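Trainee: Could we go through this model together, one question at a time? I'd like to see how each answer is reached.

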Amino acid sequence: MQLIKQIVRERREYNNWVANETMEDYSLRYAPRTFRKWSPLLLANTALGGISFLALEAIGGKLVIEYGFQNSFWAIVVCSAIIFLTGLPISYYSAKYNLDMDLLTRGAGFGYIGSTITSLIYASFTFIFFALEASIMAQALELAFGLPLSLGYLFSSLLIIPLVLFGVTLINKFQLWTQPLWLVLMVLPFLYVHQKDPGALAGWTSFAGASPSGSGFDPILFGLAANVSFSLIVQIGEQVDYLRFMPDPKKGKRWGWWLALLAAGPGWIVLGGAKQLAGAFLASLAIRHGTSLDKAVEPVRMYLTGYEYVFSQKNLVLAAAVAFVIVSQVKINVTNAYAGSLAWSNFFSRLSHSHPGRVVWLVFNVAIALLLMVFGVFHTLDKVLALYSNVAIAWIGAIVADLVVNKPLGLSPRYIEFKRAHLYDINPVGVGAMGAASVVSMLCYAGLFGTEPKAFSSFIALGLAFVLAPVIAIVTKGRYYIARENTHYPSNKAEGSEPCCICEHAYEPQDMAHCPVYDGPICSLCCTLDGRCHDACKDDAPRSGIVAAFFADKLAPRLGARFIRFLAIFSAIAGIAALLFWLFYQGAEFPKTERAHLYTTFVKLYAAVVVLIGVGAWWLVLSWESRELVEEELDRQNAELQQEIAEHKKTEAALSLARAQAEAHAKTAENASQAKSQFLASMSHELRTPLNAIIGYSEMLTEEAEDGGYEGAVPDLKKIHQAGKQLLALINDILDLSKIEASRMVLSPEPFDLQSALDEVRGTVQPMVDKNGNTLVLERPEGPIRMFADVTRVHQILNNLLSNAAKFTSEGRIFLRVAKDDSLGRAGVRIEVEDEGIGISPEQQARLFQPFSQADASTARKYGGTGLGLSIVKRLVELMEGKVTMQSEQGKGTTFTVILPLREGETQGPMSMRTPTPGA
């Protein structure tokens, strides 16, 4: 496995619609256990409520009129049986793994991108049947209220949107409330017809309609009728959209779970087939009552005829028929719209790597259905559904083959993996089987292989897809199912949840994957929408497929990819355009004599459009390549950035090591300093005892000499006494310096007032100032200045500086100034001690703050001192995170400036200056 380049995470924010799962209904996700709170029977009721669509009756009526009773009856029965059998495994796997039709298709042989095609097929089913149902409702509104069809189409569409906004939560309630009324209105006409017209059934069984074979059976006509009825096979997708919310089966109640599964899943076609037969019956009855052949296929006309047996008043007949049509249409179209929003969400999320929310695609799906109504889709019902069924049944046949053949035989994984992180883009098993079966059946339906293959094109699609899926799985050895093994979150029923590293929402383990690119857990939706990773987690997987590999060998790599993309885009758009032109042509109301001319016109228009489609497809391909080049450049820069980050990490590691070594060295030095401090303290104690004895003895002798004794020895005694005092001061200063260097200083737990300290220091040094004839001028602000520091050391700093100024100044002024200061980058106090003394030479300034440095030897002898005062001042100031500076000029004086920070919690009063007062 090659090294995977990681990408910096960016938190993905979803809009309010997507974040609200009551509206979103996990449209692109596994349905979690925490959301599956409804009982199996309630879900079965909701799923069966979606079978109310009157298109079933319209299909049955169309078939019986076109092909007669025998052909339509057996086509409906046979197709219903096949639809039940194909729906059973799909329903079971969906309820077991809690996946919708698209996610199920991904893991059942189609791959991550391959199922995008089936999402489009499924979405087409939803908006085609939405358009059929809304057209039926518009016909009822026109009949009852005289509302124009165009306004009826609009009203029938807009009515559905608010009912589907909150997904299955609201749909559950709506289907539950309307189910009894719908059942009563549906069954009532048949009971009265059976009671009042016993010969109606015989009239239906002998009905020939416009069938060329009359009322008899014709295999060709049976096959053509089956092509239309087979289009209903995709309805299982809408049933699955509810079955995915089935709770896990409980011990002792599995029969209830299976009953709900059978009823809501494949069992829909039991009622669906019966409704087709009911439509055929009512259509024959309506024609017997004088309704024209073209109007008899309209469900509202069918039920008007049926309700004439129930009510004698025409107003009640019309009201009952229209009410039934409206209730039925709304019940089914909430399902059509809901399923369509899921299908479009799945389709566009993978193409655009964005998801504005299921609600957006709900509106989109309804808008397409509205467009189809305007095209007159109802009048081309049989042709549209027959054409559609060739593709739809190939899709279902490939899925069913994988579920009932490949998985039990071990040709594919026995579980359903739906996450992008573990799937190939294209799995040739499902895509190949569906594609080949669709193409062959479409060619058959077009009549290229004769009448019989045309009539049985749907059966050919189903059989061919069912056989090809296992064959392709054997040939490919099932290697295109799983691109990367799921070792972090296997597909089981593990409980709990884990946050996604991108959106930071928590989801159950079944919805999670580990992303090596982002180096963390990622939910299936964030994985789907990510456009930066380029499936780097599957770089070792051969995702290009056989076709891409073929063109890569024959052409330049980029040219081969360009050709494949152009071919795919051009074919898709040209195919959709062809379908639209065909719908327009079929819906156009022209006399038969002008149909040939109309056909030629449509072909010429389509040829012109195809040229424009080719130009547009080429532009899209080039735009795609431009975007890829930009992404490649960004990837290159990202790789360089990752390399730079790696180098920085190495540097940081080296710095950390060096820092650790420095800290260890500093700790050793600190221990040594503390040991030195302890040694000096002990030595000081040992030296002070004899020194104090000497000083005391010399004082005693000096006093006696002054009283008249030992006169000759008095000068020497004074020298001894002075030397002892100087030596004792030196020992005390050395001890202070050692303590400072060992950082043995603490902050005061309570603030002290600097103003009081200034007064105390002034009182201490005033005698020395007066002795040399000097004047002390104190300039300071009004109010208190509170500081957190060692008050004794602040005194020591002020004493040392003022004492030095007094020593080296004779009959001059000494200034002590205090003011606010911010030169340290925070609030501070500036203390200046300025004298008019002898000054300091440049040579002496260079070593002024070094230990044992004095102005000069003669001055030291004259004034005394240890030479440590300024060194102590510097270390004390630095220890308090301040700074000390000096300016001096020989013969004119010296200024020492000390700046100390005000620490957290310190306050100070106004800093307005008072008028300087000598000695104040």
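Trainee: Which residue of β9 stands opposite F815?

Mentor: Good place to begin, and keep in mind that this is a predicted model. Strand β8 (residues 813–821) is joined by eight bridges to strand β9 (residues 828–835), and the two run antiparallel. Within that pairing, the residue opposite F815 is E834.

Trainee: And which residue in the turn between β8 and β9 has a positive phi?

Mentor: These two strands form a hairpin, with six residues between them. The positive phi, about 85°, belongs to G825.

Trainee: Now the helices: are α6 and α16 roughly parallel or roughly antiparallel?

Mentor: Helix α6 (residues 114–145) packs with helix α16 (residues 314–352) at an angle of about 160°, and their axes are 8 Å apart. Angles over 145 degrees count as roughly antiparallel. Therefore α6 and α16 are roughly antiparallel.

Trainee: How many residues of the contact of α6 with α16 are nonpolar?

Mentor: The crossing of these two helices is left-handed. Their contact includes nine polar residues and two charged ones. The nonpolar count is 24.

Trainee: Why is α5 described as largely enclosed by the rest of the structure?

Mentor: A residue is buried when its relative accessible area is under 20%. In helix α5 (residues 101–110), the buried residues include M101, R106 and F110. The helix is largely enclosed because the number of its residues that are buried is ten of the ten.

Trainee: Which residue caps the N-terminal end of α5?

Mentor: Look for a side-chain oxygen that lies 3.2 Å from the backbone nitrogen of D102. The capping residue is D100.

Trainee: Last one: is L409 buried or exposed?

Mentor: L409 lies in the loop between α18 and α19. L409 and P470 are 9.5 Å apart, C-alpha to C-alpha, and 61 residues apart in sequence. Because the relative accessible area of L409 is 62%, and the cut-off is over 50%, L409 is exposed.

Notes:
Residues are numbered from 1 along each chain as its sequence is written. This is a predicted model: local features need pLDDT of at least 70, side-chain atom pairs count only at pLDDT 80 or more; totals for chains, interfaces and linings use all residues. Side-chain values use heavy atoms; hydrogens and water are left out. Axes are lines fitted to C-alpha atoms, for helices over the stretch in contact, and angles run from 0 to 180 degrees between N-to-C directions. Helices (H or I, at least four residues) and strands (E, at least two) are DSSP runs, numbered from the N terminus. Angles under 35 degrees count as roughly parallel, over 145 as roughly antiparallel, 65 to 115 as roughly perpendicular and the rest as oblique. A crossing is left-handed if the near helix is turned anticlockwise from the far one by less than a right angle, and right-handed if clockwise. Ala, Val, Leu, Ile, Met, Phe, Trp, Tyr, Cys and Pro count as nonpolar, Asp, Glu, Lys and Arg as charged, and the others, Gly among them, as polar. Buried means under 20% relative accessible area, exposed over 50%, partly exposed in between (1.4 Å probe, protein chains only). Two strands pair if DSSP finds at least two bridges between them. A polar contact is a pair of N or O atoms within 3.5 Å; within protein, one must be able to donate a hydrogen and the other to accept it, and residues adjacent in sequence count only if both atoms are side-chain atoms.
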